[in-house]
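Here are a few exercises to work through with the coordinates open. Try each task before you read its solution.

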Amino acid sequence: IQARARKEGQNIRKQGAATGESRIGEFEMKTLFIPSGPFSWASARLRMFWPAKYMKDTDTIMSDDFSEHVDELMDYDNYVFQKRVEIEIVQFLNAAGKHVYWDLCDPLHWFQPKWSREVADLMDKVVCSTEALTDDFNQWYGKPIAICIPDRLELSHFPKQRKHADV
């Protein structure tokens, strides 16, 4: 996003992580995370729900709900799909000039290479949970479309501190 803004000559003002603000010029960017599963799924919690909690102007909606209401959810600038993607919906978002990202914490391209290439071809970027997955995806894809954003933990979710002792 920042490289695009630089190319278009817009001013970028970075805010501290504590504020959760992201601005390009005077425009605020709204983001919608579309998790593939409920909060009880670790991958959805780590990759979608917890980051969204700390990002300004960011919401989450389950992928099934998004598919049924996509026409009502067009006021976002960025759409981040976790694992599960409906190609027709991404094509619709692309045609509307939206930024679309695919978030992965599993090597789906190993198991569904044809579908994964079709999905990746429609994305602004692919976001991976580890450097190893990022490198593997980029090597497989043939160009550097994937970037790494590691998992994030909400420490209050783990209220007990474990004590380790010799057995």
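**Exercise 1.** Find which residue of β6 stands opposite Ile34, and say how the two strands involved pair.

*Solution.* Keep in mind that you're looking at a predicted model. Now zoom out to the strands. β4 covers residues 31–34 and β6 covers residues 78–82, and the two run parallel, joined over 4 bridges.

**Exercise 2.** Work out the strand order of the open sheet, name its edge strands, and describe how α2 sits against the sheet.

*Solution.* Walk across the 6 strands and you get β5-β4-β6-β7-β8-β9, with parallel pairing. The edges are β5 (58–60) and β9 (146–148), since each of them pairs on one side only. From one strand to the next, the twist averages 25 degrees. Next, bring in helix α2 (residues 42–53): it packs on the sheet and touches β4, β5, β6, β7 and β8. Its direction makes about 160 degrees with that of β6.

**Exercise 3.** Decide whether Ser129 is buried or exposed, and list what it touches.

*Solution.* First locate Ser129: it's in the loop between β8 (125–128) and α7 (131–141). Its relative accessibility is 10%, and the cut-off for buried is under 20%, so Ser129 counts as buried. Leaving out residues up to four places away in sequence, its contacts are Arg47, Leu104, Cys105, Cys148, Ile149, Pro150 and Asp151.

Key:
Residues numbered from 1 in each chain as written. Predicted model: local features only at pLDDT ≥ 70, side-chain atom pairs only at ≥ 80, totals over all residues. Heavy atoms only, no water. Buried < 20%, exposed > 50% of the residue type's maximum accessible area, 1.4 Å probe, protein only. Contact = heavy atoms within 4.5 Å. Pairing = 2+ DSSP bridges. Axes fitted to C-alpha atoms, helices over the stretch in contact; angles between N-to-C directions.
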